[in-house]
Amino acid sequence: MQAEDHPETWPMGRLLGAASRAVERRWARRLETQGLTHAGVIVLHLVSIGVTSQTELARHAHVEVQTMSRTVDRLERDGLVRRDKDAADRRRHIVAITDAGRTAYARSYELERTLLPRLENEDAVRAALVRILTDRE
């Protein structure tokens, strides 16, 4: 067996990248069984913590406004969010999570728990990943 076949010998960057792709594929398959997408879960999360405009949703999710619009359209079609007129600006819509959206988001969170192996020190791993994501070289 070659070294290529032994992930324990890979450099950390390669290992993190490969693990990320593996988790993404598994996560997508599990979410699909619930009628959700990764993008949809991101929106449900953001709306549940108070982000309400499509522009802000797009900014927080690091996607284009048009991409966000398509995701919100699908979630609205599936009854997981709704768009309400902004009382302060009738040209603007507020995205709100529905009860069905809250349930779907809670289910996705439970699915996540089954996706990853139990970690000895999950808080330390989480802190390291957050540091990787927030480090501004």
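Visitor: What are the ground rules here?
Guide: The model is predicted: local features need pLDDT of at least 70, side-chain atom pairs count only at pLDDT 80 or more, and totals for chains, interfaces and linings use all residues. Residues are numbered from 1 along each chain as its sequence is written, and side-chain values use heavy atoms, with hydrogens and water left out.

Visitor: Which residues touch the most other members of the largest nonpolar core?
Guide: Leu36, Val43, Leu44, Leu57, Met68 and Val72, out of 23 residues. A nonpolar core here is a set of buried Ala, Val, Leu, Ile, Met, Phe, Trp, Tyr and Cys residues joined through side-chain atoms within 4.5 Å. Buried means under 20% relative accessible area, exposed over 50%, partly exposed in between (1.4 Å probe, protein chains only).

Visitor: Which elements give two or more residues to this core?
Guide: Helices H1 (12–32), H2 (38–48), H3 (54–61), H4 (65–77) and H5 (99–115), plus strand S2 (89–97). H2 gives the most, with 5 residues. Helices (H or I, at least four residues) and strands (E, at least two) are DSSP runs, numbered from the N terminus.

Visitor: What does Leu57 touch?
Guide: Val43, Leu46, Val47, Val51, Met68, Val72 and Val95, not counting residues up to four places away in sequence. Contact means heavy atoms within 4.5 Å.

Visitor: On to H4. Which residues are buried?
Guide: Met68, Thr71, Val72 and Leu75. They cover an arc of only 100° around the axis, which puts them on the same side of H4. That arc is taken from the directions from the helix axis to the C-beta atoms.

Visitor: What do the buried residues of H4 pack against?
Guide: H2, H3, strand S1 (81–86) and S2. The face turned away from the buried side of H4 carries exposed Gln66, Arg70 and Arg77.

Visitor: Where is His62?
Guide: In the loop between H3 and H4. His62 has a positive phi of about 60°, although it is not a glycine. Most residues other than glycine have a negative phi.

Visitor: Is His62 buried or exposed?
Guide: Exposed, because its relative accessibility is 72%.

Visitor: At what angle do H2 and H3 pack?
Guide: About 115°, with their axes 10 Å apart. Axes are lines fitted to C-alpha atoms, for helices over the stretch in contact, and angles run from 0 to 180 degrees between N-to-C directions.

Visitor: Which residues meet there?
Guide: Ile42, Val43, Leu46 and Val47 in H2 meet Leu57, His60 and Ala61 in H3.
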